[in-house]
Amino acid sequence: MTRDEFLIRLRTLVGDLPPEEREDVMSYYTEYFDDAGPENEQQVIRQLGSPENVAREALGGGFRVARGEEGERPAPRRRGLGGLWTAVLALFAAPVALPLLFAGVLTAAAMCLVVLCLLAVPFIIAAAFMASGVVNVILSLAMGKLGFATVCYFFGAGLFMAAAGLLGLVFSLKLLLWGCRGAIDIVNRLLHRRRNLQ
């Protein structure tokens, strides 16, 4: 594991801390690596242990202090009111944030519905084309009094429309599945990007 991998993993693991405390933890361990220098990177990682252990101690209330040749390095002071301020700000932000969240969810749902409707239009058109072809075939058989050529014309046109409708159904079903997969991939990317930013 390299220094960068260690710090990236640590940032992910301490993501539940308030931003100010998280930055204190990250700056402390970044400085510790900087002070040790690139040549002692692996030694520092061995001294600190795994990022999970360091994060567990940071989340539990204190920083893990590595013991080096210089003795103990003092941990930065943690501010005890960080959680209280977060709760107070959340309380005051709720009347604005909740309606905005609700509006955002409704907007996203409406956009998904519009996309699904746009993807369903070719499916509906193909189904209508196929149904009209089947009706044309049935009606051509009922038109026996109009002559053999007329019956053959309407029968052939009906078969053509039914076959074209069936091909359109297959194509539009594949298009619909492709669109749904694309929407799911976009949502997954957005969720993963948000987790990585935190």
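Ala-162 sits in helix 6, which spans residues 148-197. This is a predicted model, so keep that in mind as you go through the points below. Over in helix 5 (residues 82-142) you'll find Ser-140, and a search of the whole structure turns up 3 aromatic pairs.

**Ala-162 and its contacts**
- Ala-162 is buried, because its relative accessible area of 16% falls under the 20% cut-off.
- Leaving aside residues up to four places away in sequence, Ala-162 touches Met-130, Gly-133 and Val-134.
- Take Met-130: it is 32 residues from Ala-162 in sequence, yet their C-alpha atoms are 4.1 Å apart in space.

**Ser-140 and its contacts**
- Ser-140 is buried too, with a relative accessible area of 0%.
- Again not counting residues up to four places away in sequence, Ser-140 touches Val-151, Phe-154 and Phe-155.

**Aromatic pairs**
- Among the 3 aromatic pairs found in the whole structure is Tyr-28 with Tyr-29: the ring centres are 4.8 Å apart and the planes sit at 85°, so this one is edge-to-face.
- Both Tyr-28 and Tyr-29 are buried.
- Tyr-153 and Phe-154 also make an edge-to-face pair, because their planes are at 80°, with ring centres 5.3 Å apart.
- Tyr-153 counts as exposed, at 57% relative accessibility, while Phe-154 comes in at 27% and counts as partly exposed.

Note on methods. Residues are numbered from 1 along each chain as its sequence is written. This is a predicted model: local features need pLDDT of at least 70, side-chain atom pairs count only at pLDDT 80 or more; totals for chains, interfaces and linings use all residues. Side-chain values use heavy atoms; hydrogens and water are left out. Rings of Phe, Tyr and Trp (its six-membered ring) pair if their centres lie within 6.5 Å; planes under 30 degrees apart count as stacked, over 60 as edge-to-face and the rest as tilted. Buried means under 20% relative accessible area, exposed over 50%, partly exposed in between (1.4 Å probe, protein chains only). Helices (H or I, at least four residues) and strands (E, at least two) are DSSP runs, numbered from the N terminus. Contact means heavy atoms within 4.5 Å.
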